[in-house]
Amino acid sequence: MSALIDEQRIESPPESDYKLPRINPHKTSEIVPWLRTPKTIWCPGCSNGTITRALIDAILGLELDAEKVVIVAGIGCSGRIAQYLEYSTVHAAHGRALAVATGVKVADPSLRVVVAMGDGDCSAIGGNHFIHAARRNIDLTALIFNNSIYGMTGGQMSPTTHTGDKSTTSVHGNVEAAFDLSELAHAAGATFVARGTAWAYRQLVSVIAGGIAHKGFAAVEAMAACPVYYGRFNLTADPAEFLKGQKEHAVPASKFEEGESRLHEQYPVGLLHHGERAEFVTSLARVREEAQEALRG
Amino acid sequence: MPASPILMQGNEAVAEGAIAAGARFFAGYPITPSTEIAETLSRRMPEVGGSFLQMEDEIASIAAVCGASLAGQKAFTATSGPGFSLMQEMIGFAEMAQIPCVIVDVMRGGPSTGLPTEPSQGDVMQARWGTHGEHSVIALVPSSVYECYTLTVAAFNLAEQYRTPVIVLSDALIGHMREAVTLPEPGSLRIAERGIPDCEPGEYDTVMSDLDNILPRPPLGSAFRVHVTGLVYNRRTDAPETGDPEVAGDLGRYLREKIYHHRDAIARVEEYEMKDAEVAIFAYGSVARSAKAVVKWARARDVPVGLVRPITLWPFPTLAVDRMAEQVRTVIVPEMNLKQMSWEVQAAVSGRAKVVDFGRVDGKLITPTQIEELVRAEFYYHDWSKS
Ligand SMILES: Cc1ncc(C[n+]2csc(CCOP(=O)(O)OP(=O)(O)O)c2C)c(N)n1
Ligand code: SF4
Ligand SMILES: [Mg+2]
């Protein structure tokens, strides 16, 4: 359910006429030029590399003008993506990526802005910016690396850590409830909401591309494996086993039974919500024109 | 046709000054006593083809300002005490990433919610040291409505020239005061533009900015494909590098020297009736108005008192304070805080003159009468009964 009061809101059901872009993965030799360095700080078995590749694949598949692509990232393992990608990039402060990106997009609407955030980055310290960017329906693509934990700082609980889960700050098991980030985005007014997993690569590319192609606020939740912390404390430290778990639990949105989305049981993937309503930057341009028109008399 | 005087409020003058300086992006969050700046810009920004954004808080406001500036626009925000506190982390980001932008802080009594509608000068040290880590800042203090306009223009120019955030420290009194002002002709203003480095994108990485040649950063979304980061970076390549003490030390020193090396060029001071002054009043912002009245009062009685009014508070105007310390026997420092700048004056005067401080933190302006008392004490041998 949307938490938005907006008469203009038009919701189109996911499977009507809209289809996510289908993109054939590119060869490694086509991907590599978009990386600034072959070295990352990411642990072996981490999903961040897979998601980074999927983002490049999506940008290539959409045939975007690379000069106009801007990546704004927050702070976390995931946020490091900014320094690895060969586009215009900003590695902002923890939680503030969406607010920085709002300024970027308004100042230069010709830019295609992807905002890379960790789950904590996006929904704890940056939670306020997340709901308000969604409410404004500003044309940004939020790409959330959801590994259910604070990876960078060494495995503390996050707002997406499930009840009972262990972390270095929920040693006896988490007593808090977790956010479903996709539903949070939808409730706050995002007009494109989709989820992919590191396991299903083609689908991941497709949901990211759909988000970028969408005009309005797009939330793309990439379910990621942090085998080093989340996995080791809760599931398995084996990256392959972790991804197999994703394969079992991820259910295509069309087949998802109504009910609770639970990380280790079942959760819907693919396009979750898709609609249209006034986009923020476009509305600002209209106000600008009207104000200038009124001045001219 | 010469411009005719208009009645204007300090906060409005800030908004109009920013537009004259070329700012086309404002993001803010309402807070007394700065709100009129946002309200004015909500109307004016669209009229001049710019953008006005009311963000969800002050952190988002300064973050959006950083983003807009990185995308090539002149951008600013305005706030007061609690909001200024919230902005500190992102002001540090702007320092570190060298993002030109302007932050207007209309000072009110604090800490915390404090005295929302009353003036204060309690943020002068926060402006200098508010964000963590070693850095340097530029902060300007207007003491009239006219200066709210001209110093906002100057702030944007300095921000561009030194690729840095610049803070304008207004206060509740100056912000809400109305004065008749004759604004400078738009064509007469010197406006610094951003520019683009004069080199091929491939060369940019290896071209270095030095202290006397601070290159502009190309905007996001250009062939330069810049990387902007809050991590310690190699300032020749802009690539993050946190493992090399030499790189970190080089950047840390550069960020400080970038301003300090130029401090005599940046620092602006008004020296009023200082020629033969034996006692100086060192006062800034709204308090300088009372101080100036006292100088006039004293001079009318042949008492040699002068005013040193820093217009640039940071970097600290060392040259002018040196001159003053060599000349006078006493420096009186009245301020609407308890000794924040007076410590700084004392350090700079370094025993060459007596420093008398006078502070007020009750939300009321320091009156001329209060400063007169301090002046009388320094001239106890003067026959005051005659005047
Ligand atoms: C203001 C602030 N508070 C705390 C931190 C420390 N910190 C860095 S990353 C992080 C959490 C990272 O978790 P997440 O956002 O989920 O990203 P991940 O590392 O899992 O990709 C924290 C708490 C910080 N950098 N800044
Ligand atoms: S700590 Fe976890 S999220 Fe971070 S790089 Fe390692 S595996 Fe990835
Ligand atoms: Mg995380």
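## The site around ligand 1

Of the 17 residues around ligand 1, those that come nearest are Cys77(A), Ser78(A), Asp121(A), Gly151(A) and Met152(A). The model described here is predicted. Residues from chains A and B surround ligand 1, so the site is shared between chains.

The shell around ligand 1 is made up of six nonpolar, eight polar and three charged residues. Helix 5 (residues 119-125) of chain A supplies four residues, the largest share of this shell.

| Residue | Atom of the residue | Atom of ligand 1 | Distance |
|---|---|---|---|
| Gly120(A) | backbone N or O | oxygen | 3.0 Å |
| Asp121(A) | backbone N or O | oxygen | 2.7 Å |
| Ile149(A) | polar backbone atom | oxygen | 3.0 Å |

On its own, ligand 1 has 590 Å² of accessible area, and the protein covers 76% of that area.

A separate detail concerns His132(A). This residue is part of helix 6 of chain A, which spans residues 127-136. Is His132(A) buried or exposed? Its relative accessibility is 19%, and buried means under 20%, so His132(A) counts as buried. The side chain of His132(A) also takes part in a polar contact: the partner is the side chain of Arg135(A), at 3.1 Å.

Methods: Residues are numbered from 1 along each chain as its sequence is written. Chains are lettered from A and ligands numbered from 1 in the order in which they are written. This is a predicted model: local features need pLDDT of at least 70, side-chain atom pairs count only at pLDDT 80 or more; totals for chains, interfaces and linings use all residues. Side-chain values use heavy atoms; hydrogens and water are left out. Helices (H or I, at least four residues) and strands (E, at least two) are DSSP runs, numbered from the N terminus. Buried means under 20% relative accessible area, exposed over 50%, partly exposed in between (1.4 Å probe, protein chains only). A polar contact is a pair of N or O atoms within 3.5 Å; within protein, one must be able to donate a hydrogen and the other to accept it, and residues adjacent in sequence count only if both atoms are side-chain atoms. A residue is near a molecule or strand if one of its heavy atoms lies within 4 Å of it. Accessible areas come from the Shrake-Rupley method with a 1.4 Å probe; for residues, only the protein chains shown count as cover. Ala, Val, Leu, Ile, Met, Phe, Trp, Tyr, Cys and Pro count as nonpolar, Asp, Glu, Lys and Arg as charged, and the others, Gly among them, as polar.
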